[in-house]
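Welcome, and please open your viewer. We will go from one selection to the next, with a short note on what to look for at each stop.

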Amino acid sequence: MFSTSLTLSDVVFLAQGAGMTILVTALSVATGTVLGVIFGVLRLQLGTILAMPLVFFLDIFRSIPLLIQLVLANAFVGMVLQLETSGFTIACIVLSLYTASYCAEIVRGGIQAVPSTTRRAARSLGMTWFQDMRYIVAPLATRIALPSWIGLALGVMKDSALVYVVQVTELLKSTQILITRLQEPLFLLLVCGAFYFLISFPLARFGGYLEKRWSK
Amino acid sequence: MIEIQSLHKSFGPLEVLKGIDLTVNKGEVVTIIGGSGSGKSTLLTCINGLEPIASGKVIVDGIEVHAKSTNLNTLRQKIGIVFQQWNAFPHLTVLENVTLAPRKVLGLSKAEAEAIGEKQLSHVGLGAKLSTYPTMLSGGQQQRMAIARALAMSPDYMLFDEVTSALDPQLVGEVLETLKMLAEEGMTMICVTHEMAFARDVSHRVAYFHRGVMAEIGAPEQIFGDPQHEETRKFLASVR
């Protein structure tokens, strides 16, 4: 017979961890997406040579494991800048830049996938560069980039498990605390996985819904 | 009036226009014929400033297109252009395709723009397709939509760049009929085309381009009946 010492208050504790995961993810994905759009557009507008410093900067965030970024950022802010900052703030800043570095590439790919002939048609109607971006490129590139962006958002949500290294108690950390106390690792990881699934599922479905609507 | 004076244009080391002189008067229909790579399509994109030029001048109603001080966005409002690939905006309905520029560029209200859009779309025979998305239309219908989209800006000049070349043969007729109708209404038009019958029937003047040079220009009867240039004769013999 299956039995567990998991109590209702433990589940509430896990739910609080899940809330933290959602909060860190939402803030980071929102900030990272805004930055990613700015960086992605800048990268295309600046041209190869002028964009080089930006590309280098973004490559750093894409190439170094997130765990190392979090530890180093935490040490840098605390020891070099000597700032009193919460782990939550550091987690959000690092995850935002991490998201932005990937998002910039998604945005760039989306914009480049809009046929230049379509943009030419827009400009030949007297639209300015900005009007072309706003009314033609943005909607078309969004449709193209959406699946990749959903993938990125889900990825960041799962990667946010790493922010425990800067003392943020999110879902996985909460689970580990309970595992230490209850000694039921497999069952607790199953519950934890179910929580992650419940967070991911609506986002994935929402993406599917938008894709369907736009494909009309 | 469109005045083109000793226009030179290069893509890298390749000189595609080698000194073109051409004046097109209000109400005139000029068609440009010639082989691939003769520079005829490039000339059109130079006229509305989509392409920079190496030297020479393009002057539209007294405004020098490639002068630094020229606001191309304003200038393009009076020069409509339709391309070989119709370039529909796929995320907008047929009516929205046509009303977008009048609303955003000319600043018309939605109702005003829609009135113009509906009028232009009915004019090209798409009055029943207003809320359809372009992907549901045939190539010929999309091309007529592109024509209506350009016309909705009330341009003074229309440039047509091989607008029937990408169409299935049975769809060419409907687009050419639309062009003919515009010509009869007195629109000033420059048409790059491979449709010789259209060039002969509709144009006031026909120009033959060969390797970046305007080899010959004249009335259609003269170009098709008594071509003066050796290359024109060869070209016409090859397309007949």
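Begin by selecting residues 2-11 and 14-24 of chain B: these are strands β1 and β2, which pair in the antiparallel sense over eight bridges. Helices (H or I, at least four residues) and strands (E, at least two) are DSSP runs, numbered from the N terminus, and two strands pair if DSSP finds at least two bridges between them.

A word on what is on screen: this is a predicted model, in which local features need pLDDT of at least 70 and side-chain atom pairs count only at pLDDT 80 or more, while totals for chains, interfaces and linings use all residues. Residues are numbered from 1 along each chain as its sequence is written, with chains lettered from A and ligands numbered from 1 in the order in which they are written.

Stay with the two strands. I2(B) stands opposite V24(B) in β2(B), and K9(B) faces L17(B) of that strand. Next, click on G12(B), in the turn of the hairpin that β1(B) and β2(B) form with two residues between them; its phi is positive, about 60 degrees.

Now widen the selection to the sheet. Its four strands run in the order β2-β1-β4-β5 (chain B), forming an open sheet with antiparallel pairing. At the edges are β2 and β5 (63-64) of chain B, each pairing on one side only.

Zoom out to the whole of chain B, where there are nine helices and 10 strands. Its C-alpha atoms fill a box of roughly 55 × 45 × 30 Å along the principal axes. The radius of gyration of chain B is 18 Å, which agrees with the value near 18 Å for a compact globule of 240 residues; this radius is taken over C-alpha atoms, and the globule rule is 2.2 Å times the number of residues to the power 0.38. Buried residues make up 45% of the 240 in chain B (buried: 20 or more other C-beta atoms within 10 Å of a residue's own, with C-beta atoms placed from the backbone).

Where do chains A and B touch? Show both: 17 residues of chain A are in contact with 18 residues of chain B (contact: C-beta atoms, placed from the backbone, within 7 Å). On the chain A side, α5 (116-124) and α6 (129-159) are the elements that give two or more residues.

Last stop: select residues 18-207 of chain A, where UniProt places "domain: ABC transmembrane type-1" (unreviewed entry); such annotations may be inferred rather than shown by experiment. This span is 83% helix and 0% strand, and its end C-alpha atoms lie 21 Å apart.

Methods: Buried ≥ 20, exposed ≤ 12 C-beta atoms within 10 Å, placed from the backbone. Contact = placed C-beta atoms within 7 Å.
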